[in-house]
Amino acid sequence: MKLWKKVTVGVVAALTVALVGAGLYFYQYAVVPAPKDFLSEADASTKENDPFYEAKQWFADPNNRTEWSLKADDGLQLSAIYLPHNTRKTAILAHGYMSEAETMGAFAKLFYDLGYNVLVPDARGHGKSEGDYIGFGWPERKDYQGWISEVLQKNGADQEIVLFGISMGGATVMMTSGEELPSNVKAIVEDCGYASATAELSYQLDQLFGLPAFPLVPVTSAVTKVRAGYFFGEADAVAQLQKNKTPMLFIHGDEDDFVPFEMLDEVYNATTAPKEKLVIKGAGHAEAYSTNPELYRKTITDFLQQYVKE
């Protein structure tokens, strides 16, 4: 073999090893459930600094809740918090990336006060649910179909169901919207969900490391397919919304720098189902409710009253 061929082969081999190594690192960094240094820690909730303090205390009270479980299609054991309200309406909530059901007290109280039973699952790989990877909403969409079935089985076939999700949970309910859903699912509310896993991870790669999406995102996607069973390109909220038939409310803060505000129009325009949009001025990521609680509650209330009739 000529020297230049040996050099070329050596360079290609070295680049391949480097790319695979980088893909494995980014998989560990973004997809494996573990503390993330790019996520800010929430301040301790007190009566003085948290307008939702009492709601969170109510949510944490064991007298107000029970625990549900569900076996996912792939065998994982999933967990959820259930708050009964003796009603024919149930809201199923979806939390965000590296969060858990226990953080959803403010939203649980919002829907409970609107007269709903409330079910708050831990996403796979989060909280009490099993799993060693984050699905960015794609495998979770099937889990939420399972939770919908569980509500109908336990609470009755006449239940009227609303889905709500924030951040990754918003993407999860958008991806769920493209699946076959029973007519019991009357409406969906998503708050600051991303357009696709590829778009969000590409954005974060640039924001955190100043790196282009290619070739690291495709390489990490391939690693994710091998280790977690899905490509990033499959986790596409826009593609799922194009199949959606359920009325949907889209919410986003115009100062969101984690899921860019520009994604709001992308997901909003993707569905032809009945829809509304709420932009909360001055709100950062997942801060729409705390920035303007009155407008947030009123908009959700008015929207749901059109489709949930109990």
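Helix α3 (residues 105–113) packs against helix α11 (residues 293–305) at an angle of about 45°, and their axes lie 11 Å apart. The model is a predicted one. The two helices, α3 and α11, are therefore oblique to each other. The crossing of α3 past α11 is right-handed. On the α3 side, the contact is made by F107, L110 and F111. On the α11 side, Y296, R297, I300 and L304 take part. By class, this contact of α3 with α11 has six nonpolar residues, no polar ones and one charged residue.

Helix α3 also packs with helix α2 (residues 53–60). Here the angle is about 85° and the axes are 8 Å apart. Angles of 65 to 115 degrees count as roughly perpendicular, so α2 is roughly perpendicular to α3. A55, K56, W58 and F59 of α2 meet G105, A106, A108, K109 and Y112 of α3. This contact has six nonpolar, one polar and two charged residues.

| Helix pair | Angle | Axes apart |
|---|---|---|
| α3 and α11 | about 45° | 11 Å |
| α2 and α3 | about 85° | 8 Å |

Notes: Residues numbered from 1 in each chain as written. Predicted model: local features only at pLDDT ≥ 70, side-chain atom pairs only at ≥ 80, totals over all residues. Heavy atoms only, no water. Axes fitted to C-alpha atoms, helices over the stretch in contact; angles between N-to-C directions. Helix = DSSP H or I, 4+ residues; strand = E, 2+ residues; numbered from the N terminus. Parallel < 35°, antiparallel > 145°, perpendicular 65-115°, else oblique. Left-handed = near helix turned anticlockwise from the far one by under 90°. Contact = heavy atoms within 4.5 Å. Nonpolar A, V, L, I, M, F, W, Y, C, P; charged D, E, K, R; others polar.
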